[in-house]
Amino acid sequence: MAEKKNYCFDTLAQHACYDPKEHHGYLSEPIYEGVVQTQPNCKTAARIFSGAEEGFIYGRLGNETARIFEKRLAVLEGGEDALSFTTGMAAIRCLILKLAGLGDNIVSSRQLYGGTGHFFETEMPKQFGRGINFVDNPWDANSWAKAINCRTKAFYMEWLANPTIDLYPFLEIASMAKRHRLPLIVDSTFASPALFRPIPWGATFAVHSATKYLSCGGVNLAGAVVGPKKFLAEMRENEYLSYGAPLSAFHARFCLIGLSTLSLRMKRHSENAERLASWFWGRRFEKKKSSLGIKNVFYPNLSDSPYAVYARNFMPEGCGGVFSVEFDCSLEKCAKFIDSLKIFSIAPSLGECKSLVIMPSLTTHSKLSCVASKGTNIPPNLIRFAVGLEDPWDLIKDLRQAFSSVGAKPV
Ligand SMILES: Cc1ncc(COP(=O)(O)O)c(C=O)c1O
């Protein structure tokens, strides 16, 4: 099946952009592993080199398995094309450096994955001479406009921002970007196209750490940019070629396996996260009785969340597997609670089939100066849960015993 756009998401996730007849009859997408491909004649070689014809020349410019993944991801995201990378950071960095030249800048919200925040705050200005203008109030589209100057080249946000799972007035920000002729880049790692598709809603690019939900539960590192075909073709011929971080055929195959179960997994991740976030939300009234009080729970699908309306309008299928809890106790007590968990593993990722837990202020976000500053809303004793696919009742049992083991009364 080539690109039958009228099929639904789950059918496209299995079949889009792959015809077994073109691949020796193999039902599943083969791993085309190799380095150089010979060309039938000089004319074809020249056409492929110039970008006039699609083809494979040398592994650093892509491979056939990765190309199937790119095309399928583009279809699922509702974008024109995609480009795949070894990691999400490689995808983000390559895209930003293509959009913004020396002396240019990017306007971004502050609520970011720590690695992206570090790249924006430190690496981009120091190593690459590009600036970053953080938006004071990302919930107000005018604040995005105020951060623009004549050297601004793009707007950047995470939708389901890490680690406080923030959402923004997407349509207003997208139309502000359009008014100023700026591309809007959305890191959609936490949502995946199964839950939210930024491009049909008005973004220009979707970027992914495909290491997370897109691959099959944390089995490989990968990244991707989805966006306009012409732009990505130019990027492949220039920045991609010299950056040298293409997705291997082997890892692309894992991503394709991941896409085939994506919507099933996202549904279960979302149901589990919502159940656990609601459980914590219910416990916040225990504050006075418990030595491990709960100040706030960050998950858009909670009815008291400031983002409940956005969640309903933009993400009716669910809000993904990550939520955070701000505890009302000492850092030591938070750490002891985490250390007492038996099913949740202490690890900085998400999108795994196994549940993970982390304290962002001590780990993933510890390098950011903005963690300490007033511009961000990451509390020091915030614990982030990346809920897996286990039975939710076992996870709740685990949380209860961890509450007990730090001397807090379980409910
Ligand atoms: C939202 C988000 N974007 C990008 C990245 C970077 O991805 P990778 O680790 O694949 O480089 C991460 C990593 O955790 C992330 O959480």
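Mentor: Helices and strands here are DSSP runs, helices being H or I with at least four residues and strands being E with at least two, and both are numbered from the N terminus. By that reading the protein chain has 14 helices and 12 strands. Its radius of gyration, taken over C-alpha atoms, is 22 Å, which is close to the 22 Å that the globule rule gives for 411 residues, so the chain is as compact as a globular protein of that length. The globule rule itself is 2.2 Å times the number of residues to the power 0.38.

Before going further, please keep in mind that this is a predicted model, in which local features need pLDDT of at least 70 and side-chain atom pairs count only at pLDDT 80 or more, while totals for chains, interfaces and linings use all residues. Residues are numbered from 1 along each chain as its sequence is written, and side-chain values use heavy atoms, with hydrogens and water left out.

Taken along the principal axes, the box that the C-alpha atoms fill is roughly 80 × 50 × 35 Å. A residue is called buried under 20% relative accessible area, exposed over 50% and partly exposed in between, using a 1.4 Å probe and protein chains only, and 56% of the 411 residues count as buried. If a contact means heavy atoms within 4.5 Å, then 73% of the contacts with a separation of 6 or more are between residues 24 or more positions apart.

Now to the part you asked about. Strands of a sheet pair through backbone hydrogen bonds, either parallel or antiparallel. Two strands are said to pair if DSSP finds at least two bridges between them. In this chain an open sheet of five strands runs in the order β8-β9-β12-β11-β10, with mixed pairing. Its edge strands, each pairing on one side only, are β8 (293-298) and β10 (345-346).

Strand β12 (residues 382-386) is mostly covered, five of its five residues being buried. Leu382, Arg384 and Ala386 point one way from β12, whereas Ile383 and Phe385 point the other way, and all of them are buried. Strand β9 (residues 322-328) is joined to β12 by five bridges, and the two run antiparallel. There Glu326 stands opposite Leu382 of β12.

With the sheet in view, we can turn to the loop between β4 (152-158) and α7 (170-179), where Trp159 has its place. Trp159 is buried, with a relative accessible area of 0%. Leaving aside residues up to four places away in sequence, Trp159 touches a list of residues that includes Tyr168, Phe190, Phe196 and Phe314. The C-alpha atoms of Trp159 and Ala206 are separated by 9.9 Å, although the two residues are 47 residues apart along the chain. Pro163 also lies in the loop between β4 and α7, and a cis peptide bond, with omega about 0°, joins Asn162 to Pro163.

Helix α7 holds Ile173, which is buried with a relative accessible area of 0%. Among the residues that Ile173 touches, not counting those up to four places away in sequence, are Trp144, Phe155, Met157 and Tyr168. Ile173 and Lys126 are 47 residues apart in sequence and 28 Å apart in space, C-alpha to C-alpha.

Arg181, in the loop between α7 and β5 (184-187), has a positive phi of about 55° although it is not a glycine, and at 77% relative accessibility Arg181 counts as exposed. His24, in the loop between α1 (9-15) and α2 (42-50), has a positive phi of about 60° although it is not a glycine, and at 70% relative accessibility His24 counts as exposed.
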